[in-house]
Amino acid sequence: MSEIVIKCAECGIILTPNLKELPKDFVCSLEDETDYLPRGFYKKNDGVDWNVDIGQIIINKNDLVNSIYHTKNNLSGCCGLDGSKVNRMCANGHEIATEYSDCWMPWAVVFETERIEIEYK
């Protein structure tokens, strides 16, 4: 199984460590306040669990590196981030992803497809 690294499309900064594709038969967690998928893996959205575009890449929120929270008040939620807006930027200030980390949902980061580049290892 090949690995990928995700980078910001605008500046090229690395946003993840090497990630493996989640096996197709793995059942992701839909429990509140738990990681949707384990660290070190990614999944392309298949339209089943997340209300985001098919094909968007989903990762464990703890695998996101070189990233900051949005600087323009896109941080809504009660106990975490509810994912209603793009809320993560690369360390150089380019919008890249939406973090879902509120108390009433599983936790993950979903990348904006047009704002990232994928490097295959």
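Good morning. A residue is called buried when its relative accessible area is under 20%. With that term in place, I turn to the structure before you, which is a predicted model.

I begin with Asn45. This residue sits in the loop between E3 and strand E4, which spans 57-59. Is Asn45 buried or exposed? Its relative accessible area is 3%, and because the limit is 20%, Asn45 counts as buried. One is the backbone oxygen of Val52, reached at 2.9 Å; another is the backbone nitrogen of Gly47, at 3.3 Å. Leaving aside residues up to four places away in sequence, Asn45 touches Trp50, Val52, Asp53, Ile54, Gly55, Gln56 and Ile58.

The largest nonpolar core holds 16 residues, and Ile6, Leu15, Ile57, Ile59, Leu64, Ile96 and Phe111 have the most contacts inside it. Two or more residues each come from strands E1 (3-8), E4, E7 (95-100) and E8 (108-111). E1 supplies the largest share of this core, with 3 residues. A second, separate core has 11 residues, including Leu22, Cys28, Tyr36 and Leu37.

Finally, the largest pocket. Its space amounts to about 210 Å³. The pocket is lined by 13 residues, of which Pro23, Lys24, Phe26, Lys43 and Asp46 are the closest to its centre. Which element gives the most to this lining? That is strand E3, residues 41-44, with 3 residues. By type, the lining divides into 7 nonpolar and 6 charged residues, with no polar ones.

Thank you for your attention.

Conventions. Residues numbered from 1 in each chain as written. Predicted model: local features only at pLDDT ≥ 70, side-chain atom pairs only at ≥ 80, totals over all residues. Heavy atoms only, no water. 1 Å grid on protein atoms, 1.4 Å probe; cavity = no way out; pocket = protein on both sides within 12 Å on 5 of 7 lines; lining within 4 Å. Points joined across faces, edges and corners; volume = space filled by probe spheres on them. Helix = DSSP H or I, 4+ residues; strand = E, 2+ residues; numbered from the N terminus. Nonpolar A, V, L, I, M, F, W, Y, C, P; charged D, E, K, R; others polar. Buried < 20%, exposed > 50% of the residue type's maximum accessible area, 1.4 Å probe, protein only. Polar contact = N/O pair within 3.5 Å; in protein donor to acceptor, adjacent residues only side chain to side chain. Contact = heavy atoms within 4.5 Å. Core = buried A, V, L, I, M, F, W, Y, C linked by side-chain atoms within 4.5 Å.
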